[in-house]
Amino acid sequence: MVVANFTNEEGARFEPSMLGSGGLSGVYDSEYIFSRQDRDGRTFGEELQRIGYKGKPENRLKDIYRYVELHVEQGPYLESSGHSIGAVEGVQGIACLQVNVKGEQDHAGTTPMETRKDALVTAAKMIADLNRLARESDEGTKVTVGRMSVEPNVSNCVPGEVTFTVDIRHYDDEIRNRTIEMVKDRLGTLAGVEDVELQIELLWHTPSTAFAKDVVNLILEGAQYFRYPARTITSGAGHDAQHIHKIAPSAMIFVPSVHGKSHCAEEFTAMDDIEKGANTLLYVTYRLAGHTKP
């Protein structure tokens, strides 16, 4: 058994996320991975080299039989349904768009309201419309604007340019792809109405993943062995397991997140639930090693 911890799982500094597992599984080649830049222009490869984490090809995992990942749910469903273990059946797909809106930069005090081409006002209308789109669409569709930059970003100027990201998620690839096109159409319509320039770039797109049923069933079996209440569940967040699944049958074990909080200071999972997750992981690895039930 090998315990693995992949670099850049979150992608908070270098995008896209999961570059480590993506490199191992062949989703991304090394040239692409090492050339990713942060906001200061530093590359991923240079920074890995600087801290001694770049590693050597001969030390990388190979000949993987099965992969099992233990993780907090990052959502409210296990806690709300009273289950201690989630046997993750798959991960919903994720697309990330970058939207650039160009209006006209002007003086805040001298430019009449009726002649302005305010890029930020237009972007705000776009973001509100995308929120409505997600709420009115198929259940499970999620659309999020999580990052924005405004130029020139000073108090006495009408903003001339705004760039923001649009995160689109759904487990059904067809629905997600249709949502991407709907987003583009609606943004294009608003840009025309507001008389601004619009550019939309697809930064990256990861399809949905369905995990190995035999591993999922072993997770449920392990939870039953320990008499932990368990259920199947789909992950709304991306995880290394979805990349590793391309080269080895994989699945995930979820444990509850209190109030479903994640990616914030309030994120918390009770130690009792962590222990249950670890016990279930131990059971699954024991069975995958060819042993009968403990």
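This is a predicted model: local features need pLDDT of at least 70, side-chain atom pairs count only at pLDDT 80 or more; totals for chains, interfaces and linings use all residues.

Biologist: Let us begin with H7. Which of its residues are buried?

Modeller: The buried residues of H7 are Val215, Val216, Leu218, Ile219, Gly222 and Ala223. Seen down the helix axis, they fall within an arc of 160 degrees, so they line one face of H7. The arc is taken from the directions from the helix axis to the C-beta atoms. Buried means under 20% relative accessible area, exposed over 50%, and partly exposed in between (1.4 Å probe, protein chains only). Helices (H or I, at least four residues) and strands (E, at least two) are DSSP runs, numbered from the N terminus.

Biologist: And which exposed residues are on the face turned away from the buried side of H7?

Modeller: That face carries Lys213 and Gln224.

Biologist: What do the buried residues of H7 pack against?

Modeller: They pack against strands E1 (67-72), E2 (85-91), E11 (230-235) and E12 (250-255), and against helix H9 (271-288). Contact here means heavy atoms within 4.5 Å.

Biologist: What comes after H7?

Modeller: H7 is followed by arginine 227, whose phi is positive, near 60 degrees.

Biologist: Now the aromatic rings. How many pairs are there?

Modeller: A search of the whole structure finds seven aromatic pairs. In phenylalanine 14 and phenylalanine 44 the ring centres are 5.1 Å apart and the planes stand at 50 degrees, so this pair is tilted. Rings of Phe, Tyr and Trp (its six-membered ring) pair if their centres lie within 6.5 Å; planes under 30 degrees apart count as stacked, over 60 as edge-to-face and the rest as tilted.

Biologist: Which parts does that pair tie together?

Modeller: Phenylalanine 14 lies in the segment before helix H1 (19-24) and phenylalanine 44 in helix H3 (residues 44-51), so the pair ties together parts that are 30 residues apart in sequence. Phenylalanine 14 is buried at 4% relative accessibility, and phenylalanine 44 is buried at 5%.

Biologist: Is the pair of tyrosine 28 and tyrosine 32 stacked or edge-to-face?

Modeller: Tyrosine 28 and tyrosine 32 are stacked, at 5.3 Å centre to centre and 25 degrees between the planes. Tyrosine 28 counts as buried at 15%, while tyrosine 32 is partly exposed at 26%. Arginine 36 lies over the face of tyrosine 32, 3.8 Å from the ring centre. A charge sits over a ring if NZ of Lys or CZ of Arg is within 6 Å of the ring centre and within 35 degrees of the ring normal.

Biologist: What does leucine 19 touch?

Modeller: Not counting residues up to four places away in sequence, leucine 19 touches Thr7, Asn8, Phe14, Tyr28, Tyr32, Ile33, Arg36 and Phe44. Leucine 19 lies in helix H1 and is buried at 1% relative accessibility.

Biologist: Lastly, where is glutamine 242?

Modeller: Glutamine 242 lies in helix H8 (residues 240-244) and counts as buried at 2% relative accessibility. Beyond its neighbours within four places in sequence, its contacts include Met18, Val91 and Phe211.

Note on methods: Residues are numbered from 1 along each chain as its sequence is written. Side-chain values use heavy atoms; hydrogens and water are left out.
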